[in-house]
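Here is a short report on one model. Keep the sequence and the 3D view open while reading.

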Amino acid sequence: MATTIYIDDRAYNADPKQNVLHACLSLGFNLPYFCWHPAMGSVGACRQCAVKQFKDEKDKHGKIVMACMTASAEGTRISIQDPEVAEFRAAVIEGMMSNHPHDCPVCDEGGHCHLQDMTVMTGHDYRRYEFQKRTFRNQYLGPLVNHEMNRCIQCSRCVRFYREYAGGRDFDVFGLRDQVYFGRQADGILENEFSGNLVEVCPTGVFTDKTLKQHYARKWDMQMAPSVCVHCGLGCNTTPGERYGTLRQIVTRYNSEVNGYFLCNRGRYGYEFVNSEHRIRASRLVRDDNPTNLTKAEAIERLAPLVAEGRKAIGIGSPRASLESNFLLRTLVGRERFYAGVSDDHFKLISTMIEILRGGPAHSPSLREIELSDAVLILGEDVTNVAARMALSLRQSVRQQPMQIADKMRIPLWDDHAVRDALQDAKGPLFIASPAATNLDDVATHTYRAAPNDVARLGFAIACLIDKTAPAVSDLPVDLWTLAEGIAQALKKAHQPLIISGPSCNNEAVIQAAANVARALCAVGPKAGLSFTMPECNSFGLALMDAAPLSQAFQAVRDGAADAIVILENDLYRRAPAPSVDAFLSGTKDVTVLDHLLNQTAAIATLAIPAGTFAEVDGTLVSSEGRAQRFYQVFVPEGDIQASWQWLRDVMAAAGRQEGTAWQDIDDVIAAMGAAIPALAQVQKAAPGAAFRIVGQKVPREPERYSGRTAMLANISVNEPKPPDDPNTPLSFSMEGTLEQPPAALIPFFWSPGWNSIQATNFYQTEIAGPLRGGDPGVRLIGPAAQLHGTYFDQIPAAFAPSGDEWLLVPLYHIFGSEELSLSASALAELAPKPYVAVNAEDAKRLRVEAGEQIAMKVDGAAYILPAKIKAELPPGIAGLPAGLPGLAGIALPARTVLEKEGEPLHSS
Amino acid sequence: METPLTKNIPTNGDGPLDLKAYEKAGGYESLRKALRMPPADITELVKKSDLKGRGGAGFPTGEKWSFVPVGADAPHPKYLVANADEMEPGTFKDRLLLEGDPHQLIEGMIAAAYAVQADIGYIFLRAEYTLAAERMRKAIAEAYDDHHLGKNILGSTYSFDIHLHVSAGRYMCGEETALLNALEGKRANPRSKPPFPQVSGLWGKPTVVQNVETLCNVPHIVNHGPDWFKSLSHTADGGTKLYGVSGKVKRPGLWELPMGTTVREILEEHAGGMREGLKFRGLLPGGASTDFLTKQHLDTRMDFTEVQKAGSRMGTGTMIVLDDHTCPVGMLWNLEHFFAQESCGWCTPCWSGLNWAERILRSLEEGTGQPGDLEKLGFQTKINAPGHTFCALAPGAMEPLQSALKYFREDFEQHIREHRCPWK
């Protein structure tokens, strides 16, 4: 129900559950602000959004109030233009500026600085403060965030985000008066996984992107396009920026259903792999161990005969390649000869997860829905390290239930600190069952540390406590029953309960248990959400393509049923143990790899082809929610780099295949894909087609003020080159084009007159913090079928029992280190852990090792010697191995293995 | 003239009455009476007495209590906090009560707590008041020993605990919501209001924060009734008031006098007038954060209504006197230095404006003031007006400044003209 409020004597509709600042910005008014943040609410600190409030029509005097602290109650009457309040707003800026350095020209924030915008907006333009400015010592905060405290205007946004919103502990506010200091107790790397958001949350240049600093360009000088993060399965929306052929930075692309205003550090800083010196920049033929470069035509000519009709080439798809590239490979080699480039374990687990989501009754929630969940059970996932942005949503979800306290006191939910003061430490139910500690444990109601099988058993027990018809678990210890009972009650009482699981434990029973809990909840009442993490950016999409498991590809080579292998954007050494990959790759004469980086697989391929990264090509990815999202080419890379799907199409054309000439652009590929694979029929709705125009014009990737266009390549040729064509999309590689707001899927960057910072997002939303105009981008490909099918899973695993000398080795995930591409981003690589094997203190004692001493072990015949790490919480008999680190990537986990102190075997054999 | 608040305070330098002596002098009588009354009746008594908060704002005490949720579904624990963080410059009235008669405060706290059915009490004490801390601790221990505190007070069904909390020492902590944050172990920034502490206070629970002097009045109101209390006063605001005078007067000090005693009487009769050779120029009537009053206001009655009519506030009722041998600009610099230093840094007009004002005042004193400076100072008083800032600190800091600019403008201008402080 809307209320009527009056702004400068005109009536407008407003949301009574919101404040006047929210209303003014939603209506498009230029009302400056600092401390208020659309995701974090109001605190009334900066006093910048002052308006004049009048009691009624007759009140001509009015009083100055803060718009952010004033409810949009029926009949609220305010003025933005009133001269007294306009003077006040200018005075607030003047006060902030009293200490702010005049270093805009050399400040990284310049050109996308909210403080600059607001200063201009209030009209403050003359310095009257004549005293010395206060100065601070800046801190080293790690490789991601730069600190320049002299620029601080004391709005407190950073500390509110870091501590209150993201749960960080190693950053705080110190000091008082005009010398408030935001930083750490001492120099050091910011520990929180979301610290990178400080660069956007900070309205000025205190916190800036340290990686951007290495290759700086102003926002207005960057070429940008809508993109999707490739560093986990969540599909966060991003805006990458490029200049001179180098990717410079990533900022958040708002999507109310997905990532909202925030990204995790892996998503923000992983981009540096695009600029890596290990990129494959030209086709590379290896003959007798000698690599030579091929031209584009030579590469195509070389590959075409291998995949011609009648040949026996097989293709290995990729969970980190686009739908289009996978589909092209599938078409090229034939559906029966197309294999999923994931481990067989993951293949099975992901198929099971998708089957469960298709069958219902629980649906897979968006991140926004996850944030609104009021009771959460996590089975087997370390969310912060696997799907980090989801952890940020979960941190907010634990506040849902306690919000009733604030409601009862009639505290509006936007009144952030009043709500926090009323709620104090009250937290809603969040239960985490996993083998090792997680970074959400501090907000959990209860944590349960156990082997994957026991995690599953707990889940099964909860399900049957919720719904008696679900299969029961026998021999569960009493304390576990009590825990299960408590969790079952909390979930049943919730309005929007949520179960989170996924393939991290590599244990099907864990996933099935999660499905049972969700099914049981739906059977007895509350509409439960069921969210499965996906390991990679297109794991979900690849799983919809009817690929066969990787082991069958290995078998085909062993059987002599394949004479060439085409590997799409994949390092198989991360998918299977090295000996089997070695055997596979040496089993045929021709191994072609299309990829970005010269990884282990590409390095031994006979032909390596330079495939464009997300920033250099167009494509579609399907997120763990089941949302198909388009990412757009940000820039035209140098040399022969192009999309894998373009390479494969060109190869098909060269091989005389009709599709190779028929599929001119990405729209043709998507249409063909939809026709061939019904599950992907909706993909074309994810974004407007290439022919889309706004009054005949394309959408420019470059801001209007993009500079140096005529000069930037003048050292090569004084003739200004024609901007490259883009036949695939409605975007242009130019500053010319429509000035209108494009549809949400096509927003290359957020900008609005007078709003150069990312806060311009306000003007692209239907209302502040609501959906983007015309609906948030992406189309959901999956939902519970109208006719629900499926039943409870009833294969309940046996409890884990530690056995003598053998440990169960389980994967432990690291936000920096476990994911392949971001490992090649130098700033993140710096933060990745060194390989280790973790056991609890008791087990370490049994092994007679201290932390840091070497442990020897054998997995699948391969020997490893790794330093011991003591993780107190690991259950007895469970050892943890970091997932995905170089040297450990292909190990199939969980595995049973003997651990020994190096040089001191327990039993000589 | 009755002096209920100070009647038990030894004037010979002895320590305060212990519990036995206090009871012998009629102490804890209100407790026995109150515990037999319905809690709401006590609130009603206090309402009828017109007792107004003595911490400076003068909010009606009974009305404040009536906002606390009561009844079976009211949230618990509820808290009563005695604000003993007396850091207002020039103010030392609560110190006398804390050091001189600690049991009176305890008795007042129990009666107030009983009225709102609070479970736990805190005394939030200024860090420098070490003697008060020692004496309060002893009195609290005595009260526990004699079942005046703790479970089932005096055999009744009512239980109440008191904890003494010694502040880490910031002016900001005297603001009731910042005080609550400090008590919770958080940074002492003020909280937004609404919600008021009576609804969402300490640890999110209903809380009444009350000045020491206010609480000390409660037992007497319970004992003698609202009509008696009102009869103590010269004016409509009930009771007596501790008035203090500091500055270059003959007898600086503190006196319990009928509410509404005139400025002149306090200054001339009780403080003995100005020291020999000095002339009165003006005074801040109720601590540093009140507007100057001058000669023309000497017959103003010191109560919440009359001082306001004269363009200032009674505040804490403890005046700081300015004489003609003291530089008003220097005095202002001193005050604004204090306020600027004590700004918590939360809201922009306060942290930036107080700093700016302080710098200008310093430059005037150092002889580097410039034409236009007074306009800048005036501008800051306008920008930091009540309601513009997050809490009352900055508007309070502007009160002496804005009135000094009005009454002593020539002194300011002289500083600029002569590029020096004429008093140096």
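Start with helix α7 (residues 130–145) of chain B, which lies across β2 and β3 of chain B and runs at about 165 degrees to β3(B). Angles run from 0 to 180 degrees between N-to-C directions, with axes fitted to C-alpha atoms, for helices over the stretch in contact. Contact here is C-beta atoms, placed from the backbone, within 7 Å. Helices (H or I, at least four residues) and strands (E, at least two) are DSSP runs, numbered from the N terminus.

This is a predicted model: local features need pLDDT of at least 70, side-chain atom pairs count only at pLDDT 80 or more, and totals for chains, interfaces and linings use all residues. Residues are numbered from 1 along each chain as its sequence is written, while chains are lettered from A and ligands numbered from 1 in the order in which they are written.

**The parallel sheet.** Four strands of chain B form an open sheet in the order β3-β2-β1-β4, with parallel pairing. Its edge strands are β3 (161–166) and β4 (207–211) of chain B, each pairing on one side only. Neighbouring strands are turned by 20 degrees against each other on average, direction ignored. Strands count as paired if DSSP finds at least two bridges between them. In one bridge, I120(B) has D161(B) in β3(B) as its partner. Helix α6 (residues 102–116) of chain B lies across β1 (79–84), β2, β3 and β4 of chain B, at about 145 degrees to β1(B).

**A second pairing.** In β7(B), G282(B) stands opposite L322(B) of β8(B). Four of the five residues of β7 (residues 280–284) of chain B are buried, so this strand is largely enclosed by the rest of the structure. Buried means 20 or more other C-beta atoms within 10 Å of the residue's own, exposed 12 or fewer, and partly exposed in between, with C-beta atoms placed from the backbone.

| Strand pair | Sense | Bridges |
|---|---|---|
| β2 (residues 120–125) of chain B and β3(B) | parallel | six bridges |
| β7(B) and β8 (residues 318–323) of chain B | antiparallel | four bridges |

**Chain B overall.** Chain B has 16 helices and eight strands. Of its 424 residues, 59% count as buried. Its C-alpha atoms fill a box of roughly 75 × 45 × 35 Å along the principal axes.

**The interface.** 33 residues of chain A are in contact with 29 residues of chain B. β4 (63–66), α2 (83–97) and α15 (416–423) of chain A each supply at least two residues of the side that touches chain B.

How values were computed
Contact = placed C-beta atoms within 7 Å.
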